[in-house]
Amino acid sequence: MDAILAPEPSQTSDKLLTLTAALGLGCLALLMLGVQPLVLGALVTAGRLDVHLLAQAATIEMLALGIVSSVLGAVAPHRHLTAWGLGGCALFVASNLACMEASGFGLVALRGLAGAAGGALVWIAAGVIGRSRSALRLSAIFAGAQALTQAGLAALISLAAPALGASAGFALLALLGVLSAAFVVAIPRALSELPAPEEGHARLSPPGLLGLAGAFFLMAGIVGVWVFVEQIATQHGVSGSAVSLAVALSLVMQIAGAAFITWIGPRARPQIALPLICAAYIACLTVMGLTPSHNLFVGAILAFGFLWTMSLPLFLPLLIGVDPTRRSAMLLAGAQLLGGSGGPLLTGLLVTGPDLQPVLGYGAALFVASAALVGLAWVARPKA
């Protein structure tokens with residue numbers, strides 16, 4: 001498969017600088033995904049959003065991320081990256097600044113613009129990372145870097161909230177967007193094109209489609225629960241400060257999960273590991289739904305974070321195993337982002353009253369679907 005990989009930069013320092021810049025832009029684009037319970041939850045408390053608009057805001061942002069990154073990846077050559085990068089950062093900053101004064105449907109629309117800006121930045125990052133000969137390891141490092149930056153932002157939001165109120169998250173996102181524009185300088189203006197697929201491999205294989213569907217449903221379950229976790233904890237009587245701390249610590253656990261999968265990933269069997277991880281997710285949701293103990297509830301949030309970054313990179317070797325052409329693997333990021341965008345809609349749309357407990361049941365159903373699709377993809381894979 002070396003033929004599909006672009007040559008590595010000739011100078012190690014240039015390569016590291018480019019990869020660091022790509023990771024930085026990708027992390028900026030995905031920052032909001034880790035702190036949605038804090039940022040959007042604060043807007044609900046302030047009366048600027050209700051629960052259903054919260055679901056819509058979370059959905060449209062990730063949907064825009066997934067659609068823009070997928071469409072650009074499918075139709076746009078990686079050229080004029082300086083203009084794309086600066087334009088993406090500018091729109092990211094402007095939309096987050098506008099969110100500081102917005103409410104209701106206006107804020108939902110602005111989150112869509114922020115997601116579109118992030119989609120362009122993810123496209124740039126994916127283009128650089130995907131051309132590396134160490135794409136699998138970089139995917140795990142990228143997951144850990146996302147968790148690290150999201151944990152840092154969650155801590156900063158807690159510090160800035162007394163002064164900036166419910167808009168603290170947006171102000172910090174805008175500031176980080178300005179600072180991250182410096183990464184664009186280290187991105188090449190253009191990337192080498194990947195060869196066209198060989199004849200006979202123009203369509204995705206059924207096992208590849210099943211694997212991508214499994215990735216979609218797993219991410220839908222993760223985000224569909226995560227975006228409501230603050231409100232669910234509040235209904236269980238967990239204090240707001242304890243929830244904020246748990247969300248921040250769960251992001252630290254995501255770093256640990258990414259480090260763990262970086263170490264054990266090459267030896268893991270994804271067709272076995274992913275269904276087991278889905279079962280562990282369901283166990284976490286069961287604890288959140290049934291336990292009277294606040295400590296156990298917080299512990300389930302932390303375990304949920306650990307599983308998050310441990311599970312997502314495993315889909316890359318799964319897809320390569322079920323579709324050796326790697327065409328399915330090239331679409332993994334888009335499938336996960338689109339799954340994340342649909343998750344809050346699937347779980348939140350079915351909640352008709354103030355009780356958010358049904359979210360946990362719907363999330364469990366999505367994890368069951370993911371595990372089943374992973375098993376079907378592996379059974380249907382081409383035999384050697």
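Glu-61 and Arg-111 form a salt bridge, with their closest N and O atoms 2.9 Å apart. The pair links distant parts of the chain. Glu-61 sits in helix α2, and Arg-111 in helix α4, residues 104–130. They are 50 residues apart. Keep in mind that this is a predicted model.

How many salt bridges does the structure hold? One. So, is Glu-61 of that pair buried or exposed? Glu-61 has 3% relative accessibility, under the 20% cut-off, so it counts as buried. Arg-111 is at 0% relative accessibility, so it counts as buried too. As background, side chains of opposite charge can pair when their charged atoms come close.

Stay on helix α2 for a moment. This helix covers residues 51–75, and Ile-67 lies in it. Ile-67 has a relative accessible area of 41%. That falls between 20% and 50%, so Ile-67 is partly exposed. Ile-67 also belongs to a nonpolar patch on the surface, together with Leu-63, Val-71 and Val-75. Together they have about 330 Å² of accessible area.

Next, a helix pair. Helix α9 is residues 240–264, and helix α11 is residues 294–311. They pack at an angle of about 35 degrees. Their axes are 7 Å apart. Which hand is the crossing of α9 past α11? Right-handed.

Now the contacts. From α9, the residues that meet α11 include Ala-246, Leu-249, Met-253, Gly-257, Phe-260 and Ile-261. On the α11 side, the list includes Val-298, Ile-301, Leu-302, Gly-305, Phe-306 and Trp-308.

Notes
Residues are numbered from 1 along each chain as its sequence is written. This is a predicted model: local features need pLDDT of at least 70, side-chain atom pairs count only at pLDDT 80 or more; totals for chains, interfaces and linings use all residues. Side-chain values use heavy atoms; hydrogens and water are left out. Patches are made of residues with over 30% relative accessible area and no salt bridge: like charges are joined within 9 Å, nonpolar side chains (Val, Leu, Ile, Met, Phe, Trp, Tyr) within 5 Å. Accessible areas come from the Shrake-Rupley method with a 1.4 Å probe; for residues, only the protein chains shown count as cover. A salt bridge is a side-chain nitrogen of Lys or Arg within 4 Å of a carboxyl oxygen of Asp or Glu. Helices (H or I, at least four residues) and strands (E, at least two) are DSSP runs, numbered from the N terminus. Buried means under 20% relative accessible area, exposed over 50%, partly exposed in between (1.4 Å probe, protein chains only). Axes are lines fitted to C-alpha atoms, for helices over the stretch in contact, and angles run from 0 to 180 degrees between N-to-C directions. A crossing is left-handed if the near helix is turned anticlockwise from the far one by less than a right angle, and right-handed if clockwise. Contact means heavy atoms within 4.5 Å.
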